[in-house]
Amino acid sequence: MTPNNFSPQDHAHMRHALALAEQGRFSTSPNPRVGCVIALGGQIIGQGFHLRAGEPHAEVHALRQAGSAARGATAYVTLEPCAHHGRTPPCAAALIQAGVARVVAAMRDPNPLVAGKGLAMLREAGIQVACGLYEAEARELNRGFLSRIERGRPFVKLKTAASLDGKTALADGRSQWITGPAARQNVQTLRAESCAVLTGVGTVLADNPRLNVRSFPTLRQPLRIVLDSRLRTPVHSHLIQDGQATLILTAAEDDGRFAAFPAVRLHRLPTDADVRPSLPALLAYLAEQGIGELMLEAGHTLHTAFLAADLVDEIVCYQAPKILGHSARGLFGLPENPDVLSRAPQWQTRSVEMLGDDIKWVLRRRSDPA
């Protein structure tokens, strides 16, 4: 069944399921964000979404609400129901046991443990199955999960704040605060949506950031990650002393300095030809740790390195109506080479909005399928 064959009722119920799935955007990682609606005769009789790993999946919540009325109903799920035993039993089996007559999935699950097995199990049980309704929206909702599974690396979102003249910090590296309260509040939401926030040791030394979510309660804080080649992170910094999870990625050998950081995780990365931690190796390692959506909240040097390595999927730029002057630090430091420019990825504006006196500008690579 193609998207054009779905009824207006199908469209309405799947849109509702997608809205339910979005309610888990701060908490489901490393699991995907999934919503489910069960409808009978045009009436919703059950609904639910996945909240966090280890807890019931969206289908289970919806089936519990529907009860015996689920028999003969249609289940709308934003991701193919799972077919394997993980922390919870397979949802495909639960739908079969409940006696639903039809399942509409927004998209197939690329996880090798599922990958069509859930839909096949439903068909074998005599349930009518359709897939592909609002697939693009479902993929966007789970861009981090899909990037981790399909590309073996997180979806990288580069966040930066700049002045009107494109400066991100004063000449001495200080950057607090370029933007106003509304923009900084919005950054809290970006962090909460991310599995992890990555910064460089230069930012730690200059600003002593916390990189956590403080302005509203959240079920889980993002993992804070510091890329620190020579292990210069001060032991008295907020990232070390506040008791929240921090990971330091380094190229340094354990010559006794690791013992100074008993409260944080340290991991030694492979290095490149310049004896710096390899960025592709960094992303591969984070994907192995279950990190799907990575927010890069660093400075000029690290942002430039990620862009030069073609490892950024989205840029979120907050621009303030201030002028910092010629000596301040610029946004990026890519080489002025026409050949390099011609091969550089093209960026497309996804959204522009006002936040107080500031502008939030979201850009996505044109090559990105989402």
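This is a predicted model: local features need pLDDT of at least 70, side-chain atom pairs count only at pLDDT 80 or more; totals for chains, interfaces and linings use all residues.

Colleague: Then Asn208: buried, exposed or partly exposed?
Modeller: Asn208 has a relative accessible area of 28%, so the residue counts as partly exposed. Asn208 sits in the loop between α8 (201-207) and β9 (223-227).

Colleague: What is the phi of Asn208?
Modeller: The phi of Asn208 is near 45 degrees, which is positive, and the residue is not a glycine. Most residues other than glycine have a negative phi.

Colleague: And what about the phi of Leu211?
Modeller: Leu211 is not a glycine either, and its phi is positive, at about 60 degrees. Leu211 also belongs to the loop between α8 and β9. With a relative accessible area of 2%, however, Leu211 is buried.

Colleague: Which peptide bond is cis?
Modeller: The bond from Ser29 to Pro30 is cis, and its omega is near 5 degrees. Pro30 is found in the loop between α1 (8-22) and β1 (35-40). Most peptide bonds are trans.

Colleague: Turning to cysteines, how many disulfides does the whole structure have?
Modeller: A search of the whole structure gives 0 disulfides. For Cys91, the nearest cysteine sulfur is that of Cys82, 3.8 Å away.

Colleague: Why does that pair not count as a disulfide?
Modeller: The two sulfur atoms would have to be within 2.5 Å, and 3.8 Å is beyond that cut-off, so Cys91 is in no disulfide.

Colleague: Is Cys91 buried or exposed?
Modeller: Cys91 is buried, at 1% relative accessible area. Cys317 is buried as well, with 7% relative accessibility.

Notes. Residues are numbered from 1 along each chain as its sequence is written. Side-chain values use heavy atoms; hydrogens and water are left out. Helices (H or I, at least four residues) and strands (E, at least two) are DSSP runs, numbered from the N terminus. Buried means under 20% relative accessible area, exposed over 50%, partly exposed in between (1.4 Å probe, protein chains only).
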